[in-house]
Amino acid sequence: MFALIALAAAGIGPHFAVSAQEQRPVQAPTASTYILGPNDRVRVKVYGEPDITGEYEVDSTGQISIPLAGHVRAEGLTTRQLEGAVTSALAKGIVRDPRVNVEVALYRPYYILGEVKKGGEFPYRIGLTVLDAVASAGGFTYRANENKVYLRRAGTSAEEVYSLDLPVPIFPGDNIRIPERYF
């Protein structure tokens, strides 16, 4: 054990570098390109129909339930695509020539755990990076490896390793794990 500590102090031994393949640029979502999923809240405005206008949550099946439109699939759609789906569903019913506007009222949360002072669930906002998420969680602990992060994107089962040399964007529903340093 002493030999490993001596080698590490001398800069000799295993290095935990992130390869270029693992550090690939990721495009952060914008309000117009964001793909809806369960636990997102959307604000639906139907002009001239105050009883239909309101906020709706995407349920675990990926749908929202709107009066006079029924269940409308929202998961996997952008807000513009959802506008079209709601318009189509309302046009089949009582509403004549519906004009619909949809915007995200509240994004689904992201989760952070590991070597941060206060892990848990946090509200997402557009433009969030890993370092912003760490700051929301109270910062790194004294044991944290501040050079890399493990990130599991929403809808995937595998963690990816990212270097913290560059800003790493976070998406709603992501799980962030800050590892422990060894020396």
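A nonpolar core is taken here as a set of buried Ala, Val, Leu, Ile, Met, Phe, Trp, Tyr and Cys residues joined through side-chain atoms within 4.5 Å, where buried means under 20% relative accessible area, exposed over 50% and partly exposed in between, with a 1.4 Å probe and protein chains only. The model is a predicted one, in which local features need pLDDT of at least 70 and side-chain atom pairs count only at pLDDT 80 or more, while totals for chains, interfaces and linings use all residues. Residues are numbered from 1 along each chain as its sequence is written, and side-chain values use heavy atoms, with hydrogens and water left out.

By that definition, the largest nonpolar core has 42 residues, and those with the most contacts inside it are Val44, Ile64, Leu82, Ile112, Val130, Ile176 and Ile178. At least two residues of this core come from each of S1, strand S3 (63–66), H2, S5, strand S6 (110–114), helix H3 (130–136), strand S8 (148–152) and strand S10 (175–178); helices (H or I, at least four residues) and strands (E, at least two) are DSSP runs, numbered from the N terminus. H2 supplies the largest share of the core, 4 residues.

Some of these elements meet in an open sheet of 3 strands, which has the order S2-S1-S5 and antiparallel pairing; two strands pair if DSSP finds at least two bridges between them. Strand S2 (54–57) and strand S5 (100–106) stand at the edges with a single partner strand each, so one side of each is left without a neighbour in the sheet. On average, and with direction ignored, neighbouring strands of this sheet are turned by 30° against each other; axes are lines fitted to C-alpha atoms, for helices over the stretch in contact, and angles run from 0 to 180 degrees between N-to-C directions. Strand S1 (residues 41–46) pairs with S5 in the antiparallel sense over 6 bridges, and within this pairing Arg41 has Leu106 in S5 as its bridge partner. Helix H2 (residues 79–91) packs on the sheet, touching S1 and S5, and its direction makes about 130° with that of S5; contact means heavy atoms within 4.5 Å.

A further set of pairings involves S8, which is largely enclosed by the rest of the structure because 4 of its 5 residues are buried. S8 pairs in the antiparallel sense with strand S9 (residues 160–163) over 4 bridges, where the bridge partner of Lys148 is Ser163, and also with S10 over 3 bridges, again antiparallel.

Helix H3 brings in Val134, which is buried, with a relative accessible area of 3%. Not counting residues up to four places away in sequence, Val134 touches Ile112, Val116, Gly139, Phe140 and Ile178. Val134 and Ile176 are 42 residues apart in sequence and 9.1 Å apart in space, C-alpha to C-alpha.

Leu68, in the loop between S3 and strand S4 (70–73), has a phi near 70°, a positive value in a residue other than glycine, and is partly exposed, with a relative accessible area of 46%. Asp97, in the loop between H2 and S5, has a positive phi of about 50° although it is not a glycine, and counts as exposed at 63% relative accessibility.
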